[in-house]
Amino acid sequence: VDAEAPRRSTNGAWVVRRGPTFEPAPDMAVALPGETPELSVSKTTETVLGLPKRLLPNFGAFLLDAVSVGLVMPVLPFHAMSLGATAFTLGLVLAANYAAQTAGCIVMGTVSDRYGRRPVMLACLAASSLSYMAVSRSNSLAQMALSRMIVGVMGGLTPVMQACVADVCPQSERPKFLGRVQATFGAGFVLGPALSFLLAHVLGGAGSSRSTIRLAASLPLLGFF
């Protein structure tokens, strides 16, 4: 075992090194010869509103990003059609994002293991904001596809959130909290289209597709705070 890991933190829990930081290892048991292995932390996770207390900022940022996705998806086809998209070319634009995301999930998972979850989460939030802003300013389908690939390459926040849950929660509680990661993403897909409807039908001109996408670009940035 590397001399730098595992080690004890100030509260007596075992931590392992992940890039430049040390993170909790809930299920790690370490003992010297002749000693009884001692689990690093309690088998229960402190929660607030049904979410791990330590991950509340992460879930908040994840929800904001999910709302931005839900906000954009209803208006994205109309924005693409205003640029001359057909059903086939619209499919290609959407496929470009998910093709990039397939590779991005693999790469960003490895990067988050090496450099830590927080830098990768912030990078994903910044990529989401940059992508939506670029989409709102795109004047061709090629520009739109490239803009969508920006966020796709970063792999999205879902794998990073799942890794955060695995880092913090004991194994017996992981299925419950991993389910709440997906529930948070689903909540974003409820709130996002509702906000899109509000912009389109209540605020009138402010509800144009470009304006809506620009609003979506601002939401991930709130996750930095």
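Reply: Start with the pair that meets here: Thr-158, Met-161, Gln-162, Val-165 and Ala-166 in helix 6 meet Arg-174, Phe-177, Leu-178, Val-181, Gln-182 and Phe-185 in helix 7. Contact means heavy atoms within 4.5 Å. By class, the residues of this contact are seven nonpolar, three polar and one charged. Nonpolar covers Ala, Val, Leu, Ile, Met, Phe, Trp, Tyr, Cys and Pro; charged covers Asp, Glu, Lys and Arg; the others, Gly among them, are polar. The model is predicted: local features need pLDDT of at least 70, side-chain atom pairs need 80 or more, and totals for chains, interfaces and linings use all residues. Numbering runs from 1 along each chain as its sequence is written, and side-chain values use heavy atoms, leaving out hydrogens and water.

Me: Why are helix 6 and helix 7 called roughly antiparallel?

Reply: The axes of helix 6 (residues 158-168) and helix 7 (residues 174-201) cross at roughly 150° and come within 9 Å. Axes are lines fitted to C-alpha atoms, for helices over the stretch in contact, and angles run from 0 to 180 degrees between N-to-C directions. Over 145 degrees counts as roughly antiparallel, under 35 as roughly parallel, 65 to 115 as roughly perpendicular and the rest as oblique. Therefore this pair is roughly antiparallel.

Me: What is the hand of the crossing of helix 6 and helix 7?

Reply: Right-handed. That term applies if the near helix is turned clockwise from the far one by less than a right angle; anticlockwise is left-handed.

Me: What makes helix 1 and helix 6 roughly antiparallel?

Reply: The angle again. The axes of helix 1 (residues 56-72) and helix 6 cross at roughly 165° and come within 11 Å. The pair is therefore roughly antiparallel. This crossing is left-handed. Asn-58, Phe-59 and Phe-62 of helix 1 touch Thr-158, Met-161, Cys-164 and Val-165 of helix 6. Five of the contact residues are nonpolar, two polar and none charged.

Me: Why do helix 1 and helix 4 count as roughly parallel?

Reply: Helix 1 and helix 4 pack at about 20°, with axes 11 Å apart. They are therefore roughly parallel. Their crossing is left-handed.

Me: Which elements each supply at least two residues of the lining of the largest pocket?

Reply: Strand 3 (21-24), helix 1, helix 4 (117-137) and helix 6. The lining has 21 residues, with Arg-54, Leu-55, Asn-58, Arg-118 and Met-121 nearest the pocket's centre. By class, 13 are nonpolar, three polar and five charged.

Key: Helices (H or I, at least four residues) and strands (E, at least two) are DSSP runs, numbered from the N terminus. On a 1 Å grid over the protein atoms alone, a cavity is a set of points where a 1.4 Å probe fits but cannot get out, and a pocket is an open set with protein on both sides within 12 Å along at least five of seven lines; lining residues have an atom within 4 Å of a point.
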